[in-house]
Amino acid sequence: MKRLFTPFFIIAIAAILFCVYLLFMDETGWGTFATIYIGILAIVTFLIDLLLKKAKIGLGKIFLVQLAIINVVGFIYFYGERTQILEISDDFDQDYVSIVYGVENEKGLSINPYTWTKTIEIPENGILLTSSDFNTNLPETEMKFSPGILLGSEQTEKHLVGIGDYQLELNNKTYKYRSWKIQEGFCCSHSSNEVKERAVELLAELNRTEKASR
C-alpha cells in the first residue's frame, strides 16, 4: 500500500479529479480544453509512475527520482515565467509603450540570467531607450500603474497587447525594439498602420537623442 502512494501517483489522481471538476463545474468555456491537457498530464504521470514501480528499484529510490523530476520540471516552468513589469504613471496618456535596444549612452536594464522579476519605469512619452542588448529580456511581460494596479486585472479595464518585435534603420545603424499597446475593453488588436506610425515616432525620438548627444 505504501508503494502505491508515490508523488506521481498522487499527482495523477489529483489531476483526474480536477478534470472531473472542470467538466462539470467550469462555466468559462475553457474547461474542455483544460481537461484535455491536464488529462494528458495525468496519463503521462501515471505511466511513468507505473514504469518506475515495475523496475523494482525500491520505494526510496522511486521517491527520490520522482521528486527530482518534479523539481526539475518546476524549475523549468518557473524559470520560463520570469517577468518584467513595465511601470507607467497613474495619469499615463500614451497608447503605446516601446523599448528600443542598443542605444549608446543610455542606461541598461540590469537584467541577467538570474533575474526573476524586474520593474522597468517607462517615461511619460512611452519610449524607453536602453543600451541593453535586444536579447536582454524576460519571458513574460506585464504592465502596471505606479500605484500597483496591473493592466488586465479586475481593477482596470485597460489591457496590455503585444504588438511585436521590429527594427529601425537610422544613420546606418540598426535598432531593434519591442512595442506594446494599451487598450481598453476585452478585444485587443492592432493594425499594420499603427505599427508604421509607431516606427515613425520612434525614429523621431532616436533622432532627437542622437542630436542631443553630439
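Q: Which strands each supply at least two residues of the lining of the second largest pocket?
A: In this predicted model, they are β3 (117-121) and β4 (127-129). Of these, β3 gives the most to that lining, with 4 residues.

Q: Which residues line the second largest pocket, and what is its volume?
A: The lining consists of Glu106, Lys107, Gly108, Leu109, Ser110, Lys118, Thr119, Ile120, Glu121, Leu128 and Leu129. The volume is about 240 Å³.

Q: How do the residues of this lining divide into nonpolar, polar and charged?
A: The second largest pocket has 4 nonpolar, 3 polar and 4 charged residues in its lining. Glu and Lys count as charged, and Gly counts as polar.

Q: Why is Lys107 called exposed?
A: Exposed means over 50% relative accessible area. Lys107 has 70%, so Lys107 is exposed. Its place is in the loop between β2 (96-100) and β3.

Q: Which residues does Lys107 touch, not counting those up to four places away in sequence?
A: Lys107 touches Leu129, Thr130 and Ser131. Lys107 and Leu129 are 22 residues apart along the chain, and their C-alpha atoms are separated by 7.7 Å.

Q: What makes up the lining of the largest pocket?
A: Phe8, Ile11, Leu41, Val44, Thr45, Ile48, Ile69, Ile70, Val73, Gly74, Tyr77 and Phe78 line this pocket, in which lies about 310 Å³ of space. At least two residues come from each of α1 (7-25), α2 (31-54) and α3 (59-79). The most come from α3, with 6 residues.

Q: How many residues of the lining of the largest pocket are nonpolar, polar and charged?
A: There are 10 nonpolar, 2 polar and no charged residues.

Q: Which residues of α1 are buried?
A: Pro7, Phe8, Phe9, Ala12, Ala15, Cys19 and Leu22 are the buried ones. Buried means under 20% relative accessible area.

Q: Which members of the largest nonpolar core touch the most other members?
A: Of its 18 residues, they are Leu86, Ile88, Val97, Ile120, Ile122, Met143 and Ile182. At least two residues of this core come from each of β1 (83-88), β2, β5 (140-145) and β7 (173-184). Another core lies apart from it, with 11 residues, among them Ile127, Leu168, Ala199 and Leu206.

Q: Which residues does Met143 touch, not counting those up to four places away in sequence?
A: Met143 touches Leu86, Ile88, Val97, Ile149, Leu150, Leu151, Leu160 and Ile182.

Q: Is Asn172 buried or exposed?
A: With a relative accessible area of 83%, Asn172 is exposed.

Definitions and conventions. Residues numbered from 1 in each chain as written. Predicted model: local features only at pLDDT ≥ 70, side-chain atom pairs only at ≥ 80, totals over all residues. Heavy atoms only, no water. 1 Å grid on protein atoms, 1.4 Å probe; cavity = no way out; pocket = protein on both sides within 12 Å on 5 of 7 lines; lining within 4 Å. Points joined across faces, edges and corners; volume = space filled by probe spheres on them. Buried < 20%, exposed > 50% of the residue type's maximum accessible area, 1.4 Å probe, protein only. Contact = heavy atoms within 4.5 Å. Core = buried A, V, L, I, M, F, W, Y, C linked by side-chain atoms within 4.5 Å.
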